[in-house]
Amino acid sequence: RANAMKPHVFKVADGAYRSMSRCIFETKTKADQSILVSGESGAGKTETTKFIMRYLADITKDSNASPSDHHMGVEHLVLQSNPILESFGNARTLRNDNSSRFGKFIEINFSTDGSGRDVLCIQKATIRTYLLEKVRLVHQSEGERNYHCFYEYLQGSPEAEKTRRGLTRLE
């Protein structure tokens with residue numbers, strides 16, 4: 001249909017999760033699911049991925065457990081690692097101050113919770129970075145910056161450390 005609405009991120013994530021759950025609990029088969037998030041620079045891929053991960057983390061939490069039980073769960077660690085990964089792979093471009101200059105493959109593994117109920121839990125997650133834009137290390141266009149981690153390092157380093165490493169500005 002020409003006037004069909006684009007899929008909503010939570011609907012897509014929920015559909016993948018429910019399909020996987022049905023296969024595991026009803027047909028007792030392996031049920032791999034994939035969600036591909038793509039788009040132009042500044043289209044919101046990173047934010048969309050965060051929404052998907054938060055949704056999956058929330059939907060897989062044990063409803064009988066207290067929120068503190070999940071404080072250091074796998075889902076929490078995956079969500080907490082994102083700013084660190086972005087620091088090493090995001091840079092300022094002319095179109096976006098926080099543009100991802102790499103791709104991420106995030107694999108989230110689920111298991112049953114062992115209670116006999118039809119509940120899945122996040123068991124582990126693996127994040128792989130690929131296609132890091134290497135040219136950015138040695139050259140940026142006018143108005144662009146290198147990866148955020150370099151500026152964060154410079155901001156947090158004492159002057160003596162910057163001098164020792166030759167990282168002070170030459171006027």
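The expected span of a helix is taken as 1.5 Å times one less than its number of residues. Helices (H or I, at least four residues) and strands (E, at least two) are DSSP runs, numbered from the N terminus. The model is a predicted one, in which local features need pLDDT of at least 70 and side-chain atom pairs count only at pLDDT 80 or more, whereas totals for chains, interfaces and linings use all residues. Residues are numbered from 1 along each chain as its sequence is written, and side-chain values use heavy atoms, with hydrogens and water left out.

The protein chain contains five helices and four strands, arranged from the N terminus in the order α-α-α-β-β-β-β-α-α. Of its 171 residues, 26% are buried (under 20% relative accessible area, with exposed meaning over 50% and partly exposed in between; 1.4 Å probe, protein chains only). Among contacts (heavy atoms within 4.5 Å) with a separation of 6 or more, 55% join residues 24 or more positions apart.

Helix α1 comprises 19 residues (residues 9–27), which should span 27 Å at 1.5 Å a residue; the end C-alpha atoms are 26 Å apart, in agreement with this value. The buried residues of α1 are V9, A13, A16, Y17, M20, S21 and F25. These residues lie on the same side of α1, because they cover an arc of only 140 degrees around the axis, the arc being that of the directions from the helix axis to the C-beta atoms. K11 and E26 are exposed on the other side of α1. The cover over the buried residues of α1 includes α2, β3 (103–112) and β4 (120–130). Just after α1, K28 adopts a positive phi of about 55 degrees.

For helix α2 (residues 45–59), the 15 residues should span 21 Å, and the end C-alpha atoms are 21 Å apart, which agrees. Its buried residues are T49, K50, I52, M53, L56 and A57. An arc of only 160 degrees around the axis puts them on the same side of α2.

The largest pocket has a volume of about 1,100 Å³. On a 1 Å grid over the protein atoms alone, a pocket is an open set of points where a 1.4 Å probe fits, with protein on both sides within 12 Å along at least five of seven lines; lining residues have an atom within 4 Å of a point. Of the 31 residues that line the largest pocket, S34, I35, F105, I106 and E107 are the closest to its centre. At least two lining residues come from each of α1, α2, β3 and β4, and β3 gives the most, with eight residues.

How values were computed
Points joined across faces, edges and corners; volume = space filled by probe spheres on them.
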